[in-house]
Amino acid sequence: MSAMLLSIRPEYAQRIIDGTKQFEFRTRQCREDITKIIFYSTVPESKVVGEAEIESVIVGAPSTVWEQTKHAAGIPRSFFRQYYKGRKVAVAYKLKNVIAYDEPKSLADYGITHVPQSFIYVDENP
């Protein structure tokens with residue numbers, strides 16, 4: 001296993017696919033051996049819509065992470081600040097080689113029966 005499946009809002013999944021959102025932000029870091037992120041677009045789409053490789057991971061104070069990612073964050077600063085409110089550490093995954101699936105997949109294709117709250121480790125190829 002070298003992939004994780006993330007739940008992500010449909011508008012942010014689209015921004016990743018169209019290249020305006022080049023970072024995915026999380027409150028905790030995944031295992032170091034993870035090299036790929038698979039995107040599950042939440043309601044109303046409720047499908048696995050694409051994937052990207054992790055180019056690098058930035059971990060630090062939220063203000064520092066924002067300064068390093070704001071040029072391609074794909075989210076407003078106000079959303080970023082609210083997301084990390086009260087937290088001392090922010091995690092940003094720099095994405096590369098983004099692929100949008102021609103045919104979206106279901107969670108069942110990955111052997112997953114429920115929507116992950118944050119992320120879940122999966123086999124790369126269902």
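Hi everyone. Let me start with a definition: a nonpolar patch here is made of residues with over 30% relative accessible area and no salt bridge, with nonpolar side chains joined within 5 Å. Keep in mind that what we are looking at is a predicted model.

With that in hand, which residues make the nonpolar surface patch? Val57, Val59 and Val89 do, and the patch comes to about 210 Å². Val89 sits in the loop between α3 and β5. Its relative accessible area is 40%, so Val89 counts as partly exposed.

Now please turn to helix α2, which runs over residues 62–69. Its buried residues are Pro62, Val65, Trp66 and Thr69. Why are these on the same side of α2? Because they cover an arc of only 100° around the axis. As a reminder, an α-helix has 3.6 residues a turn, so residues three or four places apart point the same way.

Last topic: salt bridges. The count is five. One of them pairs Lys70 with Glu67, with the closest N and O atoms 2.9 Å apart. Lys70 is partly exposed at 43%, and Glu67 is partly exposed at 45%. Elsewhere, salt bridges with shared partners link Lys21, Glu24 and Arg26 into one network.

Notes:
Residues numbered from 1 in each chain as written. Predicted model: local features only at pLDDT ≥ 70, side-chain atom pairs only at ≥ 80, totals over all residues. Heavy atoms only, no water. Buried < 20%, exposed > 50% of the residue type's maximum accessible area, 1.4 Å probe, protein only. Helix = DSSP H or I, 4+ residues; strand = E, 2+ residues; numbered from the N terminus. Arc of directions from axis to C-beta. Patch = residues over 30% accessible without salt bridge, like charges linked within 9 Å, V, L, I, M, F, W, Y side chains within 5 Å. Areas by Shrake-Rupley, 256 points an atom, 1.4 Å probe, with all protein chains shown as cover. Salt bridge = Lys/Arg side-chain N within 4 Å of Asp/Glu carboxyl O.
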